[in-house]
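Here is a friendly tour of one protein model, taken one feature at a time. Keep the structure open beside the text as you read.

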Amino acid sequence: ACTNCAMGKYNGVSGSATEQACTNCVKGKYNDQLGSTAEANCTECVAGKYNDELGGTAEEACTNCAKGKYNSLPGSKAGEACTDCAAGKYNQENGKDHCKDCDFHHYNEGVGSQSVNACKKCPKVDGVQKQRQRGDHQTVDLAQLALPQTHATKPSRNDGSMAIAQSAPKVTTVMDPAKSV
């Protein structure tokens, strides 16, 4: 009598004499069906997970990326596919395919942050709220964006940034016109 290949395996050749003819699903995939006849029956682990073993037999063979990490690629074969969340982001759940941004008026200088509590409120300097741009450590004075400018100097650096000065309050900020708040 013929015997089906076990879960986690497949065999596309008829008339095979032994179980050794069954091939394991590759890393990054699993197969929860008996008697599969093609590699196409092996299902990729979803983004946010990985499988570093051959012959996974169920979705549970796929391991979640840890908190503070993410993986945007389905079918990942190793834990190294899980990447630390960048500065300005966090992830407080396992098995995610992306990290969340810190809220507006908040920043996070650390990588791999596992909680929204890692996002700190931007400090006030001389009573003016400062805002760090997401993914950037440059500081922009939000009050200057709403007040009329007294004068602006010509681009003063090779990167096209512009120094803007105001008469009240006396604050000088360097802003990059290519980036927006």
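## The largest pocket

Eighteen is the number to begin with: 18 residues line the largest pocket, and Thr3, Asn4, Cys5, Asn11 and Ser16 are the ones nearest its centre. The model is a predicted one, in which local features need pLDDT of at least 70, side-chain atom pairs count only at pLDDT 80 or more, and totals for chains, interfaces and linings use all residues. Residues are numbered from 1 along each chain as its sequence is written, and side-chain values use heavy atoms, with hydrogens and water left out.

A pocket here is an open set of points on a 1 Å grid over the protein atoms alone, where a 1.4 Å probe fits, with protein on both sides within 12 Å along at least five of seven lines; a lining residue has an atom within 4 Å of a point. The space in the largest pocket comes to about 390 Å³, a volume being what is filled by probe spheres set on the points, which are joined across faces, edges and corners.

Asn11 sits in the loop between strand S1 (9-10) and strand S2 (23-24); strands are DSSP runs of E, at least two residues long, numbered from the N terminus. Is Asn11 buried or exposed? Asn11 is buried, because its relative accessibility is 13% and buried means under 20% relative accessible area, with exposed over 50% and partly exposed in between (1.4 Å probe, protein chains only).

The side chain of Asn11 comes within 2.9 Å of the backbone nitrogen of Val13. Beyond its neighbours within four places in sequence, Asn11 has contacts (heavy atoms within 4.5 Å) with Cys5, Ser16, Ala21, Cys22, Ser36 and Thr37.

Ser76 belongs to the loop between strand S7 (69-70) and strand S8 (83-84), and it is buried at 7% relative accessible area. Which residues does Ser76 touch, not counting those up to four places away in sequence? They are Gly28, Lys49, Tyr50, Asn51, Asn71 and Ala81.

With Asn71, the side chain of Ser76 makes a side-chain polar contact of 2.8 Å; such a contact is a pair of N or O atoms within 3.5 Å, where within protein one must be able to donate a hydrogen and the other to accept it, and residues adjacent in sequence count only if both atoms are side-chain atoms. Lys27 lies 49 residues from Ser76 in sequence, yet their C-alpha atoms are 7.6 Å apart.

## Salt bridges

How many salt bridges does the model have? The count is 3, taking a side-chain nitrogen of Lys or Arg within 4 Å of a carboxyl oxygen of Asp or Glu. One of them joins Lys69 and Asp84 at 2.9 Å, N to O. This pair links distant parts of the chain, with Lys69 in strand S7 and Asp84 in strand S8, 15 residues apart. Lys69 is partly exposed at 27%, and Asp84 is partly exposed at 36%.

Lys89 and Asp101 meet at 2.5 Å, N to O. Here too distant parts of the chain are linked: Lys89 is in strand S9 (residues 89-90) and Asp101 in strand S10 (residues 100-101), 12 residues apart. Another salt bridge, between Lys96 and Glu93, has an N to O distance of 3.6 Å.

Definitions and conventions. Helix = DSSP H or I, 4+ residues; strand = E, 2+ residues; numbered from the N terminus.
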